[in-house]
Amino acid sequence: MIYAATLDCKGCGACLKTCPERALRPAPAWFDGPPLLTLVDRCTGCGECLEICPADAFVPLPPEEAPWPAA
């Protein structure tokens, strides 16, 4: 499992500073989804983003269900 931001994400960046694998990135301007994307190949599912997120915007997701192209 990976953790991915939902549309509840406010883009505050708290998770960017917390992720030990640096698996989170700002979404490109053309992306019609949450402001942050999880790099599927880097996320270890540790849950640090889930713990720090003030908006409770992260959900567990099987990597193959990620709604964005793989990097």
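Is Cys53 buried or exposed? Cys53 is buried, at 12% relative accessibility. The close-up views below are drawn from a predicted model.

View 1. The structure contains 0 disulfides. Cys9 takes part in no disulfide, and the nearest cysteine sulfur, that of Cys15, lies 6.1 Å away. The relative accessible area of Cys9 is 10%, so Cys9 is buried. For Cys53 the closest cysteine sulfur belongs to Cys12, at 6.2 Å, which is too far for a bond. A disulfide would require the two sulfur atoms to be within 2.5 Å. Cys53 is buried as well, with a relative accessibility of 12%.

**View 2. The largest cavity.** The model has 1 cavity of 30 Å³ or more. The space in the largest cavity amounts to about 90 Å³. Its lining is made up of 13 residues, and Cys19, Ala23, Cys43, Cys46 and Cys49 are those nearest the centre. By residue class, the lining of the largest cavity comprises 7 nonpolar, 4 polar and 2 charged residues.

**View 3. The largest nonpolar core.** This core has 20 residues, and the most contacts inside it are made by Cys15, Leu24, Cys49, Phe58 and Trp68. Strand E1 (2-5), strand E3 (36-38) and strand E4 (58-61) are the elements that each give two or more residues to the core. E1 supplies the largest share, 4 residues. Beyond its neighbours within four places in sequence, Cys15 is in contact with Leu24, Leu36, Cys49, Ile52 and Phe58.

**View 4. Tyr3 in strand E1.** Tyr3 is a residue of strand E1. Its relative accessibility is 17%, and Tyr3 therefore counts as buried. With residues up to four places away in sequence left out, Tyr3 touches Thr38, Cys43, Gly45, Gly47, Cys49, Leu50, Phe58, Val59 and Pro60. Tyr3 and Leu24 are separated by 21 residues in sequence, and their C-alpha atoms are 9.7 Å apart.

**View 5. Ala4 in strand E1.** Ala4 also belongs to strand E1. A relative accessible area of 2% makes Ala4 buried. Apart from neighbours within four places in sequence, the contacts of Ala4 are Thr38, Ala57, Phe58, Val59, Leu61 and Trp68. From Ala4 to Gly47 the C-alpha distance is 10.0 Å, with the two residues 43 apart in sequence.

**View 6. Val59 in strand E4.** Val59 is part of strand E4. Val59 has a relative accessible area of 35% and is partly exposed. Its contacts, leaving aside neighbours within four places in sequence, are Ile2, Tyr3, Ala4 and Thr6. The C-alpha atoms of Val59 and Ala5 are 6.5 Å apart, although the two residues are 54 residues apart along the chain.

**View 7. Leu16 in helix H1.** Leu16 sits in helix H1 (residues 14-18). It counts as partly exposed, at 30% relative accessibility. Not counting residues up to four places away in sequence, Leu16 touches Arg22, Leu24, Arg25 and Leu36. Between Leu16 and Ile52, 36 residues apart along the chain, the C-alpha atoms are 9.9 Å apart.

**View 8. Two loop residues with positive phi.** Most residues other than glycine have a negative phi. Arg22 is not a glycine, yet its phi is positive, at about 55 degrees. Arg22 lies in the loop between H1 and strand E2 (24-26). Its relative accessible area is 53%, so Arg22 is exposed. Asp56, likewise not a glycine, has a positive phi of about 50 degrees. The loop that holds Asp56 runs between helix H2 (48-52) and E4. Asp56 counts as exposed, with 62% relative accessibility.

How values were computed
Residues numbered from 1 in each chain as written. Predicted model: local features only at pLDDT ≥ 70, side-chain atom pairs only at ≥ 80, totals over all residues. Heavy atoms only, no water. 1 Å grid on protein atoms, 1.4 Å probe; cavity = no way out; pocket = protein on both sides within 12 Å on 5 of 7 lines; lining within 4 Å. Points joined across faces, edges and corners; volume = space filled by probe spheres on them. Nonpolar A, V, L, I, M, F, W, Y, C, P; charged D, E, K, R; others polar. Buried < 20%, exposed > 50% of the residue type's maximum accessible area, 1.4 Å probe, protein only. Core = buried A, V, L, I, M, F, W, Y, C linked by side-chain atoms within 4.5 Å. Contact = heavy atoms within 4.5 Å.
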